[in-house]
Amino acid sequence: MRSSVKRPPTPDAEEEEQDREPTLQEIINIKLVESGEKERLKELLRERLVECGWKDEMKTLCRAFARKRGRNNVTVDDLVHVITPKGRASIPDSVKAELLQRIRSFLASTAL
């Protein structure tokens, strides 16, 4: 039987996470959640995507994919895998710009 190589023990991932400082992205996310702004932004996004027809377009793509593969041969994971890249690419720039502006305004008001 061979003896094992002597090396220091691997630190626990939980201990490492507790010791490190949160990133700017994590701090912003915490502030968004605590203030309730994240939910308001999500609701605004839903409204804008419905208004511009994006939601109907995604629904049509999902139905076409299900018809092509056979209704019983499609899982939610399949749909997510196929539709996500198309969905992200087809979000109108005006919607992205509006959300970005709202996030910037929030950050300016919280003085991060």
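Visitor: Why are α4 and α5 called oblique to each other?

Guide: Quick caveat: this is a predicted model, where local features need pLDDT of at least 70, side-chain atom pairs count only at pLDDT 80 or more, and totals for chains, interfaces and linings use all residues. Residues are numbered from 1 along each chain as its sequence is written, and side-chain values use heavy atoms, with hydrogens and water left out. Now, the axes of α4 (residues 54-69) and α5 (residues 76-89) cross at roughly 140° and come within 10 Å. Angles under 35 degrees count as roughly parallel, over 145 as roughly antiparallel, 65 to 115 as roughly perpendicular and the rest as oblique. So α4 and α5 are oblique.

Visitor: What makes up the contact of α4 with α5?

Guide: Contact means heavy atoms within 4.5 Å. Among the residues that meet are Trp54, Met58 and Phe65 in α4 and Leu79, Val82 and Ile83 in α5. By class, the residues of this contact are eight nonpolar, one polar and three charged. Ala, Val, Leu, Ile, Met, Phe, Trp, Tyr, Cys and Pro count as nonpolar, Asp, Glu, Lys and Arg as charged, and the others, Gly among them, as polar.

Visitor: And what makes α2 roughly perpendicular to α3?

Guide: Their axes come within 5 Å and cross at roughly 85°. That angle sits in the perpendicular range, so α2 is roughly perpendicular to α3. The residues in contact include Leu32 and Val33 of α2 and Arg40 and Leu41 of α3. This one has three nonpolar, two polar and three charged residues.

Visitor: Which residues does Leu99 touch, leaving aside neighbours within four places in sequence?

Guide: Leu99 is in contact with Leu41, Leu44 and Leu45.

Methods:
Axes are lines fitted to C-alpha atoms, for helices over the stretch in contact, and angles run from 0 to 180 degrees between N-to-C directions. Helices (H or I, at least four residues) and strands (E, at least two) are DSSP runs, numbered from the N terminus.
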